[in-house]
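Please open your viewer and keep the sequence panel beside it. We will go from stop to stop, selecting a few residues each time.

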Amino acid sequence: MPCISATALSSMAEASEPRMAGYLLAGLAGVLLACIAADINAQATTLAMADIRGHLGVGIDRGSWFETLFSVGEVMGMLVAPWLAIAFSMRRFAAFATLMLAVLSLGCAAVNSPELFYGLRYLQGLSTGFLIPLLMTVALRFLTPSIKLFGLAAYALTATFAPNFGAPVVAWAHQVAGYDAIYLSVVPVAALAFGLIVYGIPQDPLRLERFKQLDWIGLILGWTAGICIVTLFSQGERLDWLHSPMIDVLAIVGSVSLVVFVWHECYHPVPFIWPQLLLRPNFAFGTIMLFGFIVLGFAFSNLPSRFLSEVHGYRPAQTMPVAMIVALPPLVLLPAVSWLLNFKRVDARWCLVVGLVLVATTCLLYTQVSPDWIRHNFYLGQSIAVVGQALVVVSLLMLATGVVAPQEGPYAAATINVTRALAAPIGTGVLDWFLRVRSDTHSHALLDRIGAHRYELAQSTALTGHDPAPMRADGASASAMSQFASHIQSQAQTLALADGWQLMLVLAVGLLMTCVITERVYPPRLKIPPGT
């Protein structure tokens, strides 16, 4: 048998590397498309929840469980997705999750029973939870150092582009295609993603022997903690928080389960997450920063639309331009930031600081919101925020994953993505509670002030001896009291949203202060150890 020299083998490997990179990029694009489809479907369903409740004939209380069950499924899926991807192989599991998403979308479009829709929403959340960690796992495990940052930028699209693209989908469904299009629009994207995954992701052997070492205790503890925490924060405002026995039980069980789960995972030989990663300052910083970034991103994508809809009565089609400003630019900004960070002289920590300063500037600008603001008043702030978000998310992912070895990728992906999945319901629950409390406070203060000056506002007594009819500002008496109540409500909502932006400003400044714990991480292509 002829002998092949080492030089020849090296040349063959170099010749095959571009071809393999092409396959991997196709596979990464497939997983990215599947994740974007899942995120857009989730956000569009949330925005169209009033129409969904009307279609299924359920009220607000029962309908609130549609979103809770989706979030529960998402957390449960994100915890086990990297583990299952190793057992069944990345290609098989990603293809299965994508196919599952498409089939469930068809089911949601066809079903008319609220009970069946509960189950479908939970399974949709599970499929979304399966998909999103796989994108980070593929980027960390398969991509070569020269393009790894661009893979992280692709993952960042699921936290920037996808959540903000739900509004255009809802507007299109409302104006053109109809209710079913919210779900059916996912199917062609999922079909394309399925083909790219099968084509591009390398096929690993089955490792079913891992099930003999399955961490059943950790699985039960982790799922219990996730279910309790998500339900606590998504249903807490509706059930009046700790005044509800159910919320009390969820808080106790969730807290205990979470602590025991983290302790248990530290010692299991095949864990779902690896808590020891949090002892590395950069990874702990990245996890905390991602949690705060998700909350800030939720504020930028939802609070402007909430203000326009509550104060001015805008519909989804009318708020769409505000959402598009933070949805479309990341398609260009995230790869540009990845390209910038690939230079040795560019320090990701300073990019992160600049991004947080831009985000804080937008929050400060939005604290000046008034009832006179309309759609175009948000354009400048959203434009500043989208640049800051792009700088923040790519930099934090580079800093966090730069201290993670490729074989640690699945554990890092599970840890980061479970944190991300919990950030959405926790941030939403806390922010909704804060806005409700501040709105009530401002409403009572306004009414008290008006009551203190009631004699200055009263009309002169009519000659007939009867009390005069209340008058509007223009002198007319028709519907004066309802208009008065509407003005009080809009003022209270505006002041509450201004307070909400002050809270986001405090969060941004707090995250900015945590940057001091990080150490320098160089671009992956340079292969320089962190902190050098």
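The tour below starts with the whole chain and then moves to single places.

**Before you start**

This is a predicted model, in which local features need pLDDT of at least 70 and side-chain atom pairs count only at pLDDT 80 or more, while totals for chains, interfaces and linings use all residues. Residues are numbered from 1 along each chain as its sequence is written, and side-chain values use heavy atoms, with hydrogens and water left out.

**Stop 1: the whole protein**

Show the cartoon first. The protein has 19 helices and zero strands; these are DSSP runs numbered from the N terminus, with helices (H or I) of at least four residues and strands (E) of at least two. Of the 532 residues, 51% are buried. Buried means under 20% relative accessible area, exposed means over 50%, and partly exposed is in between, with a 1.4 Å probe and protein chains only. Among contacts (heavy atoms within 4.5 Å) between residues at least 6 apart in sequence, 84% join residues at least 24 apart.

**Stop 2: helices H3 and H4**

Select residues 60-88 for H3 and 90-110 for H4. At what angle do their axes cross? The crossing is at roughly 125°, and the axes come within 6 Å. Axes here are lines fitted to C-alpha atoms, for helices over the stretch in contact, and angles run from 0 to 180 degrees between N-to-C directions. The two helices are therefore oblique to each other; angles under 35 degrees count as roughly parallel, over 145 as roughly antiparallel, 65 to 115 as roughly perpendicular and the rest as oblique.

Now show side chains. H3 brings Ala 81, Leu 84, Ala 85 and Phe 88 to the contact, and H4 brings Met 90, Arg 92 and Phe 93. These residues divide into six nonpolar, no polar and one charged. In this grouping, Ala, Val, Leu, Ile, Met, Phe, Trp, Tyr, Cys and Pro are nonpolar, Asp, Glu, Lys and Arg are charged, and the others, Gly among them, are polar.

**Stop 3: two loop residues**

Pick Ser 89, in the loop between H3 and H4. Its phi is near 90°, a positive value in a residue other than glycine, and Ser 89 is buried at 0% relative accessible area.

Next, go to Asp 240, in the loop between H10 (216-235) and H11 (245-265). Phi of Asp 240 is also positive, near 65°, but Asp 240 is partly exposed at 39%.

**Stop 4: His 264**

Stay with H11 and select His 264. Is this residue buried or exposed? His 264 counts as buried, at 16% relative accessibility. Leaving aside neighbours within four places in sequence, His 264 is in contact with Asp 215, Ile 217, Gly 218 and Leu 221.

**Stop 5: aromatic rings**

Colour Phe, Tyr and Trp. Their rings (for Trp, the six-membered one) pair if the centres lie within 6.5 Å; planes under 30 degrees apart count as stacked, over 60 as edge-to-face and the rest as tilted. The count comes to 20 aromatic pairs. One of them joins Tyr 23 and Tyr 199, tilted, with 5.0 Å centre to centre and 50° between the planes. Tyr 23 sits in H1 (residues 6-47) and Tyr 199 in H9 (residues 186-200), 176 residues apart. Tyr 23 is partly exposed at 24%, whereas Tyr 199 is exposed at 52%.

Then select Phe 300, Phe 307, Tyr 366, Trp 373, Phe 378 and Trp 501, which form one aromatic cluster.

**Last stop: cysteines**

How many disulfides does a search of the whole structure find? It finds zero, a disulfide being a pair of cysteine sulfur atoms within 2.5 Å. Finish on Cys 108, buried at 0%, and Cys 228, buried at 8%.
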